[in-house]
Amino acid sequence: MTKPVNDPPISDDHYEENYGLDVIDRRRNALEEFDDAKFGWFHVRACIVSGIGFFTDAYDIFAINLVSTMIGYVYWAENGNKTPHDVDTAIKVSCSVGTVIGQLLFGYLADRLGRKRMYGVELIIIIVGTVGQTLAGNGPAASFWAVITFWRIILGVGIGGDYPLSSVITSEFATTKRRGAMMAAVFAMQGFGQVAASLVGLIATAAAQNAIHENQQNLDYVWRVVIGIGAIPGVIALYYRLTIPETPRYTMDVEQKIEKGIRDAKAFIEYGAAAGDYSDNVAVARTETPAIIKASWADFFHFFSQPRNARMLFGTAYSWFALDVAWYGLGLNNSIILKNIGFAGGDDPYNAVFRTCVGNIIINLLGSVPGYWITVFTVDYIGRKTIQIMGFTMLTIFFVILGFGYHAILSYSVPLFIVLYTLTQVFFNFGPNSTTFIVPGECYPTRYRSTAHGISAASGKIGAIVAQVGFGLLKDIGGDNAWIDHLLQLFAFFMLTGIFSSFLIPETKGKTLEELAGETESVSPLPEDTKIEEHQRRY
């Protein structure tokens, strides 16, 4: 009779190693289901909640165009009703300075503390900064422009935080098939924000027409209304931002609560929300051994010291820098361009402001808004990299034409100049203005995705600061707005450099976030004598 053979005892270490790998396999399966999920209401809700933030951001950023014109009549009548260029530059640049701080700070904190914990904080800062601006006034201890500059720095911090948070949250909740369209749709709300700023300015100015004709000082009420209304969308969206669930990817890959992340991913697919019924203690206790790299400063520098990753970060950062030199150089000075081509300004305060509003609405409706939405409908078919290179190429061509043919075109046909100028707005947004926002939110691993996006976005805002300071210093060389043509030529050069930096970024179309992060190597149970650390290095 054969004696029964007892299986050898299984060590606790071996059990934990194989259990950890089993959890990682289930994590991968859960994320695959997540990426292939049917497009549903929660995806739409995520886009709306994130998009309202960008609507508010653009409204607050570009409303200053109109405000700068209005406050010239209120505070600087002795200066020909024109805001001094140093004050104008300070008011416009201050928001970009705050934005750089916010992008770096919130980019890091969203990776360190979590997307959910930080989402909504930036919107509170935006609301406070917006309301603070409306209360700015002159006093013995502080001038009006110094106070509004301070509040615009605070506003900028909140706006800066919105960039990495909204991009990463949308990216991590999106399906692979529609991720580009979802992220582009969030960013496209900027176009509506720009139009809304001009539209509110138009309505507020028209409503106060008689008061403005009676006394131009009444524009002081108008600009405060225009700025203050910008807080309303933020207040509406605040509750939904504060209650949005943590992304399953962050829960699994950074907090390393694999079980909770898997449950949240499944709950998201079925119900569109986090499960919320799995205690942190259990989740942590069951995932002490998964072979997932933990975020640390040493790992951060190691990751970005690798040539491929360093090139990628330089590509996303410099492309955004080059873009924003021209985008903000023009965008925050549209009123100057419009005035220079006879499409703004007037004999009295009312007509000057009213025509500036109308000109901005026309340019945004014909150029910016269509460009954004062309990207939404094509980005997942054409590809991010292709659109970015194409956009930079077209912008180079248009800025060369506008810069070197500036006076000749204006002499021949102002409508032709407006058409060419509007086409630049189309290819800004059906081009690098959209893709520089999308790609950094996709191509980095979860543990550094928000930080890297913040670095890339901050690089762009440094470009915006360079453009604003340079525009203010250079535009009047040789006379009032006499150097505009040379500035357009400089913009052409930066667009040309953007073409080359775009070759350093990856094409992210149709790839999962794990594929883009290099996390797709198959996992199998380890032999008994294999160390978990070896697998972690391979993974």
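The model is predicted.

**Figure 1**
The chain has 539 residues, and buried residues make up 60% of them. Now take the contacts in the chain with a separation of 6 or more. Residues 24 or more positions apart account for 83% of these contacts. The close-ups below pick out some of the helices and loops.

**Figure 2. Helix 3 packs against helix 6.**
Two packed helices are described by the angle between their axes and the distance between the axes. Helix 6 covers residues 144-173, and helix 3 covers residues 85-112. Their angle is about 35 degrees, and their axes are 5 Å apart. The crossing is right-handed. By class, the contact of helix 3 with helix 6 has 16 nonpolar, ten polar and one charged residues.

**Figure 3. Gly-102 sits in helix 3.**
Is Gly-102 buried or exposed? Gly-102 counts as buried because its relative accessibility is 0%, and buried means under 20%. Gly-102 and Gly-161 are 59 residues apart in sequence. In space, C-alpha to C-alpha, they are 4.7 Å apart. Set aside the neighbours of Gly-102 within four places in sequence. Gly-102 is then in contact with Gly-107, Val-157, Gly-160 and Gly-161.

**Figure 4. Helix 7 packs against helix 17.**
Helix 7 spans residues 179-207, and helix 17 spans residues 349-382. Their axes are 8 Å apart, at an angle of about 170 degrees. Helix 7 is therefore roughly antiparallel to helix 17. Their crossing is left-handed. The contact has 22 nonpolar, eleven polar and two charged residues by class.

**Figure 5. Helix 2 packs against helix 10.**
Helix 10 runs over residues 231-242, and helix 2 over residues 41-75. The angle between the two is about 145 degrees, and their axes lie 9 Å apart. Helix 2 passes helix 10 in a left-handed crossing. Which residues of helix 2 meet helix 10? On the helix 2 side they are Arg-45, Val-49, Ser-50, Ile-52, Gly-53, Phe-54, Phe-55 and Thr-56. On the helix 10 side they are Pro-233, Gly-234, Ala-237, Tyr-240 and Arg-241. The residues of this contact divide into seven nonpolar, four polar and two charged.

**Figure 6. Leu-238 lies in helix 10.**
Leu-238 is buried because its relative accessible area is 19%, with the cut-off for buried at under 20%. Leu-238 and Leu-123 are 115 residues apart in sequence, yet 6.7 Å apart in space, C-alpha to C-alpha. The contacts of Leu-238 are then Gly-120, Leu-123, Ile-124 and Ile-127.

**Figure 7. Helix 22 holds Ser-459 and Phe-471.**
Helix 22 covers residues 449-474. Ser-459 counts as buried, at 16% relative accessibility. Apart from neighbours within four places in sequence, Ser-459 is in contact with Ala-317, Tyr-318 and Phe-321. Phe-471 is buried too, with a relative accessible area of 3%. How far apart are Phe-471 and Tyr-328 in sequence and in space? They are 143 residues apart in sequence and 9.8 Å apart in space, C-alpha to C-alpha.

**Figure 8. Asn-81 has a positive phi.**
Most residues other than glycine have a negative phi. Asn-81 is not a glycine, but its phi is positive, at about 60 degrees. Where is Asn-81 placed? Asn-81 is in the loop between helix 2 and helix 3. The relative accessible area of Asn-81 is 24%, so this residue is partly exposed.

**Figure 9. Gln-256 has a positive phi.**
Gln-256 is not a glycine either, and its phi is positive at about 60 degrees. Gln-256 is in the loop between helix 11 and helix 12. Helix 11 covers 248-253, and helix 12 covers 258-271. Gln-256 is buried, with a relative accessible area of 9%.

Terms used:
Residues numbered from 1 in each chain as written. Predicted model: local features only at pLDDT ≥ 70, side-chain atom pairs only at ≥ 80, totals over all residues. Heavy atoms only, no water. Helix = DSSP H or I, 4+ residues; strand = E, 2+ residues; numbered from the N terminus. Buried < 20%, exposed > 50% of the residue type's maximum accessible area, 1.4 Å probe, protein only. Contact = heavy atoms within 4.5 Å. Axes fitted to C-alpha atoms, helices over the stretch in contact; angles between N-to-C directions. Parallel < 35°, antiparallel > 145°, perpendicular 65-115°, else oblique. Left-handed = near helix turned anticlockwise from the far one by under 90°. Nonpolar A, V, L, I, M, F, W, Y, C, P; charged D, E, K, R; others polar.
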